[in-house]
Amino acid sequence: MKKLLCIAALAMCAATILAGDFHAYRTVVTEPSYSLAKVKRMIRGIKRDQEDNQRISAAGFSALTFEEKFTYVMLHGEDFNQNCDGGMTIAGEAHKIFSYPADPFPDDMAWSEQQRTFLTKNRHAVIKLLHETISNRSRVGANLKSAIVELNGHELIPDLISAYNRDRRDNDVLTVLMLLMKDGGYGPFMYTPVYMKMYGDEDASYRMFLDANAANRKLILDYAMAYYRKPGR
Amino acid sequence: MTALFACLVLSAGSFVEIPAGEYNVGKEGRLNNPPRSVRLRRFAIAKTETTNDQFAAFVRATGYVTDAERLHNAMVFEPPLKEFRWIRDGSASWRFPNGKTRGGIESKGKHPVTSISYRDALAYCRWAKVRLPMLDEWEVACRAGTSGDYFFGPDLAQMGQYANVWHGRDHLEPDMSDGYMYTAPVASFKPNPSGLYDMYGNVFEFCAGHVPTDSSKRTVHARGGSWWCSKNACCYFNSADIGSVDIAASFSNQGFRVAR
C-alpha cells in the first residue's frame with residue numbers, strides 16, 4: 001500500500017513539474033537579432049535601478065536606432081501589470097487552446113504607452129521586422145505574439161501558420177490567429193461555435209479555452225487561411 | 001503616542017477571530033493553489049479593508065511617504081481602456097488614487113486605501129502592530145466553511161449583492177450600475193458568513209506568502225478581485241484565485257486588510 005502511495009505521489013509531482021514546464025514553454029520570448037547584445041546590456045542596467053522605475057527616459061529611448069527600439073520593446077516591458085488573466089496558471093495547458101495568449105514578460109510587467117506608441121506608429125516597419133524575426137528564429141515567442149495582436153498583424157498569418165506547423169505544441173499561435181480574425185471582424189469565423197464560446201457569448205472571458213484536438217486546430221487554421229486570402233482583408 | 005493612534009485605528013471589535021484547525025483550501029486545476037489541507041493557528045482578520053482614514057492616521061503619525069509619491073509610478077484607470085490596460089500617472093497616490101485630474105479622497109475617508117504598494121502596506125502594518133494575512137489565512141477567512149468558488153453558493157448572479165465589481169461587458173465605457181465606478185465605502189455590500197465585508201471586489205487585498213510559479217522575489221500576491229474585475233475579464237472575485245503584482249507597483253484597485 002505504501003509503495004502504491006509513493007508511486008502515486010511521484011506521479012503527481014511529475015505531473016506538476018510537467019505542467020510548470022509547459023507554462024514556462026508558453027512564456028518563452030523570442031530574441032530579435034538587431035543589436036541584441038547592446039540592448040540586453042541596457043536592460044540589465046535598468047533592472048539594477050534601485051528606484052524601481054523599470055524604464056529608460058524618453059530621451060534615451062529616442063536616441064536608439066529603429067532596430068534597437070524594436071529589440072528593446074520586444075524584450076522589456078516598462079510598466080507594471082497585474083497578473084489576473086485567467087489562463088495563466090491553469091493545469092493542463094498543453095492540451096488547451098486559450099482565448100488569449102500568455103503574457104510576454106516575467107515579473108508582471110507590460111508595455112508602457114511609449115512602447116505601444118512606438119509599435120503602432122511604426123506599424124508597417126515593425127511588421128517587417130516581426131516577419132524577419134519569425135523567419136530567423138525557431139518560434140514565435142510570447143512577445144512576438146503580443147506584438148502581432150497589438151498591431152492586428154493579419155499580414156503575418158502565413159508566418160504564424162508555418163511556425164505552428166513547425167511546432168504543433170504552440171497552441172498560443174492558434175490563439176493569435178483567432179484574435180486576428182476577431183479583431184478583423186471576419187464574419188465567417190464569427191458565426192462559428194468556437195468564436196461564440198471564446199469571445200461572443202455574454203459569459204465569454206479570458207478564462208475560456210478549447211480542447212486542442214484535431215478538429216479545433218483544423219477549423220482555426222482553415223478559417224485563418226481563408227481570412228488571409230479574402231480580398232480587401 | 002504612536003501605539004495609542006494604532007489602537008484607536010484598530011479596535012478589537014473590528015476583527016473576526018478564526019479558530020485554529022485544519023482547513024481545506026485550493027481548487028482543482030489551479031497550479032498556484034491546488035486542493036490541499038492546511039493547518040492554521042488561531043488568528044484574527046479585519047472585518048473591512050483598511051480605509052483612507054486609517055491610512056491617513058498612519059501617515060500623520062509617521063510622516064511616511066508611499067512608493068507612488070516617491071517614484072511617481074502609480075497605475076490608474078479611466079475609461080475607455082482596452083482590457084487589462086492601465087495608465088501610468090505620476091500625479092497619482094493614495095491621496096489621488098486615479099491621479100489629480102480625477103479627484104482626491106476628501107469625501108472618501110471610509111473607502112479602502114488604494115494606489116499603495118505592498119511595501120506601503122507592510123509599513124502600515126508595522127506601525128499598527130498588525131500584519132498582512134497569509135494567502136491561506138485569507139482563503140480560510142473568505143470561505144467561512146464553504147468549499148465552492150463563492151461563499152454565497154454557485155450562482156454568480158448574486159455577486160452584486162456582496163461585492164463592488166465591474167458589471168460592464170468591457171472597460172470601454174464607465175460602469176456605474178451598482179453606484180460605484182471605482183471603490184465603494186467599506187461594508188457597503190453584504191458580508192460573508194463570518195461577517196467579513198468586501199472579501200470579493202472593491203480592492204485586491206495584498207497577502208503575505210508565495211506560490212509555486214513565482215519566478216522572482218519581486219512578485220507579491222493579492223486576492224479577492226477588485227472594482228475593476230468583471231466576469232469577462234479577471235474574474236478573480238472568488239475564493240480560490242491568487243493574483244500577482246510587482247512589489248513596488250501601486251494600482252488604484254489595490255489595497256489590503258490586516259490580520260493579527
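The following legends describe views of a predicted model.

**View 1. Tyr100 of chain A in its loop.** Y100(A) is located in the loop that connects β2 (96-98) to β3 (109-110) of chain A. Because 27 C-beta neighbours lie inside 10 Å, Y100(A) counts as buried, the cut-off for a buried residue being 20 or more. Between the C-alpha atoms of Y100(A) and N152(A) the separation is 14 Å; along the chain these two residues are 52 residues apart.

**View 2. Helices α7 and α9 of chain A.** Helix α7 (residues 142-150) of chain A and helix α9 (residues 172-183) of chain A have axes that come within 10 Å and cross at roughly 5°. The pair α7(A) and α9(A) is therefore roughly parallel, since angles under 35 degrees are assigned to that class.

**View 3. Residues at the contact of α7(A) with α9(A).** From α7(A), the residues K145(A), I148(A) and V149(A) take part; they meet D172(A), V176(A) and L179(A) of α9(A). By class, the residues of this contact comprise 4 nonpolar, no polar and 2 charged.

**View 4. The fold of chain B.** Chain B contains 6 helices and 10 strands. The C-alpha trace of chain B spans about 50 × 45 × 35 Å along its principal axes. Of the 260 residues in chain B, 48% are buried. Where contacts in chain B join residues at least 6 apart in sequence, 71% of them are between residues at least 24 apart.

Methods:
Residues numbered from 1 in each chain as written. Chains lettered and ligands numbered in written order. Predicted model: local features only at pLDDT ≥ 70, side-chain atom pairs only at ≥ 80, totals over all residues. Helix = DSSP H or I, 4+ residues; strand = E, 2+ residues; numbered from the N terminus. Buried ≥ 20, exposed ≤ 12 C-beta atoms within 10 Å, placed from the backbone. Contact = placed C-beta atoms within 7 Å. Axes fitted to C-alpha atoms, helices over the stretch in contact; angles between N-to-C directions. Parallel < 35°, antiparallel > 145°, perpendicular 65-115°, else oblique. Nonpolar A, V, L, I, M, F, W, Y, C, P; charged D, E, K, R; others polar.
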